[in-house]
Amino acid sequence: MTLSRILIANRGEIALRVVRTVRDLGATSILPYTPEDLMSPAAELADEAHALPEGSSYTDAQAILALARATGADAIHPGYGFLAEDPAFAQSVIDAGITWVGPSPAAMEALGDKMSARRTAQAAGVDPVPGITDSVTRTSTITAFAARHGYPVALKRTDGGGGRGITVLYSDEEAAATPALASAAAGSSTLILERFVTAARHVETQCARDAHGGFAVVSTRDCTLQRRNQKLLEEAPAPFLPEGLHERLVEASRRLLETVDYVGVATCEFLLTPEGDLWFLEVNPRLQVEHCVSEEVTGTDLVEIQLRLADGGRLGGIGQVRGHSVELRITCEDPARHLAPSTGVISRLRWPAGPGIRIESGVTEGDVVTPMFDPMLAKIVVTGATRDQALARARRALAETVVEGVTVCTGLHAHVLTQEAFTRSDEAGALAVTTRWIENEVLPELASAAGQDAQGDQSGEDAAIPDPSPRTRSSYVIELNGRRMQLTLPDGILAPAHYGHDFAARSRRTQPLRGRSGGGPARSARTGAAGAGASGGEAGGEPGVIAAPMQAIVTRICTEPGARVAQGDLLVVLESMKMENYVHAPHDGTIAEIPVGAGRTVTAGDVLVRMSAPETTQEA
């Protein structure tokens, strides 16, 4: 490989993942960071870590490119998220004479949104979910489609991702009342229409293709266990596939990538119905979060393949699939409250170890979790000779895992791994578990069992920090001329040794790794959080005052002052940790005031809507 200086335009666990492969290859890793990430494990391990300009972020294409030039980077690896799927950024990297570790901008554009992806699939002879690929702006288009295919149907924003921007409609009346059409007609979004598949498995292929036409499916994966269209647990290979389906998946994936002359690694995603229908969903033109399970069952380093293909190399042989691997996403979400986001300080953290365990994490004890980034703290990847052994090891791994200070979803994983519908070793079990299983069956059961007295540490405060044993030298992380460096000094030069140790420990524990804490103590968003799809709470029990259930960004206002609303009507859409959360009217009434606007950041308890009290509505 000729690439020697690789800038990683990302943060957290994926940045750390790429840094490790770059080191394995003997190249130099260069990492940009914001103030929140000065003390991050990725910045600590990178060969060079450089501060982005004040006010910049990981989506600041100009700042990232300027840093690449200044540091002499000959390649940029975007990880996933942020700029990974931005064709304009990819083109600017190429124009600067720097190698882009990803597909061509043209291929990214052909696969970049739901409309173009559907058109690409149709050109490749791969069937997408039945739908309308052209822009939808009229109710009549929806009702005519539903008359042929039936309800429910889904309106999808073409620029949506990760389950966002999807409106599911169940009747002509809902189609006529949806605010999504008005937004589209006003030009604020573009919508396509698809049949909403209510019972299906989510299967995908981890693919790679080189510039010489070499193609391979590294492995299949099953990603059926989801909430709000975002994955929670993935496994490889996809178990219990009907006869002949593997070959269909490989051929469909090959055609999709060849149609756009794709070079790099990609994931092709499909829905598999109980009737055996295989519908194309999308192609992700980047590394996926769940890539680790494909690596584990084939002995393949997908990041190394990415770098080799970006450098013009050939794909070569891919190891045969052996054994089984399961990935558990450890997210800051409370299963007892329908996976409402949780924030705070990670006061204690212990990951599992032992045979078959791989941990991918970008956090340490003392880090602050805020709503500014996605909710995933880590991935626990568990591999065994068989699926049964992998699941048994996963149960053991969860029992060893300790996360305190924030609520995480380990209880949900532990529950799932005891359910016969998921663990049974036959095709009937696979058919019982669909993409809606977590939301329709598992979460209601957990919420019911927890009741209103869900336990957990909600203080968000640091535990006492014991003094370390005396030593002759101490190391400090400093920033010199915008570059992160480590300085080791004899104890007592800066301050008495006891003070120095205590200060260093406390500084690390309170470093806001995952976003600024706003200068005050971190609060848990669990208090009063209703979770996605649940009604907003009335502040302090005050009738008609609807408060934010969590710290979040207001992304959409769906009503206006003076409007009459019915119980359950959607009022406000919030986004926290890259997840949409819906605030509904708790009762019939009239909207009196909306003191927030789209784009505003709110904290738990902030007033979103004031409406007439139930008694007023009843008297009227």
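Residues are numbered from 1 along each chain as its sequence is written, and side-chain values use heavy atoms, with hydrogens and water left out. Because the model is predicted, local features need pLDDT of at least 70 and side-chain atom pairs count only at pLDDT 80 or more, while totals for chains, interfaces and linings use all residues.

**View 1. The whole protein, its secondary structure and its confidence.** The secondary structure comes to 19 helices and 34 strands, where helices (H or I, at least four residues) and strands (E, at least two) are DSSP runs numbered from the N terminus. Buried residues make up 53% of the 620 residues; buried means under 20% relative accessible area, exposed over 50%, and partly exposed in between (1.4 Å probe, protein chains only). Among contacts between residues at least 6 apart in sequence, 67% join residues at least 24 apart, a contact being heavy atoms within 4.5 Å. The average pLDDT, the predictor's confidence in each residue from 0 to 100, is 85, and 84% of the residues score at least 70. Over residues 452-466 the pLDDT is below 50, and this stretch has 22 contacts in the model beyond near neighbours in sequence. Residues 496-536 also have pLDDT under 50, with 123 contacts in the model beyond four places in sequence.

View 2. The structure holds 32 salt bridges, each defined as a side-chain nitrogen of Lys or Arg within 4 Å of a carboxyl oxygen of Asp or Glu. One of them joins the side chains of E48 and R5 at 3.0 Å, N to O. Because E48 lies in strand β3 (residues 48-51) and R5 in strand β1 (residues 5-8), this pair ties together parts that are 43 residues apart in sequence. E48 is buried, with a relative accessible area of 12%, whereas R5 is partly exposed, at 21%. The side chains of D37 and R11 form another salt bridge, at 2.9 Å, N to O. D37 lies in the loop between β2 (28-33) and α2 (41-45), and R11 in the loop between β1 and α1 (12-24), so the pair ties together parts that are 26 residues apart in sequence. Both D37 and R11 are buried.

View 3. The side chains of E360 and R358 meet in a salt bridge of 2.8 Å, N to O. E360 is buried, with a relative accessible area of 6%, and R358 is buried as well, with a value of 15%. A network of salt bridges links E204, R221, K231, E234, E269, E290 and R329.

View 4. In helix α7 (residues 139-149), the buried residues are I142, F145 and A146. Seen down the axis of α7, these residues fall within an arc of 100 degrees, so they line one face of the helix; the arc is that of the directions from the helix axis to the C-beta atoms. The elements that cover them include β6 (131-132), β7 (153-157), β8 (166-169), α8 (172-177), α9 (179-185) and β9 (191-195). On the face turned away from the buried side, α7 carries the exposed residues A147 and R148. G150, which follows α7, has a positive phi, near 85 degrees.

View 5. Helix α3 (residues 61-71) has A63, I64, L65, L67, A68 and T71 buried, and its buried residues pack against β1, β2, β3, β4 (75-77) and α4 (87-95). G72, which follows α3, has a positive phi, near 70 degrees. A nonpolar core is a set of buried Ala, Val, Leu, Ile, Met, Phe, Trp, Tyr and Cys residues joined through side-chain atoms within 4.5 Å. In the largest such core, of 53 residues, L7 and I76 touch the most other members, and α1 gives the most to this core, with six residues. Not counting residues up to four places away in sequence, I76 has contacts that include L7, L65, A68, F89 and W100. Apart from this core lies another, of 36 residues, among them V363, A390, V433 and L443.

View 6. D127 sits in the loop between α6 (114-123) and β6. D127 and L278 are 151 residues apart in sequence, yet 7.7 Å apart in space, C-alpha to C-alpha. Not counting residues up to four places away in sequence, D127 touches L278, W279 and F280.
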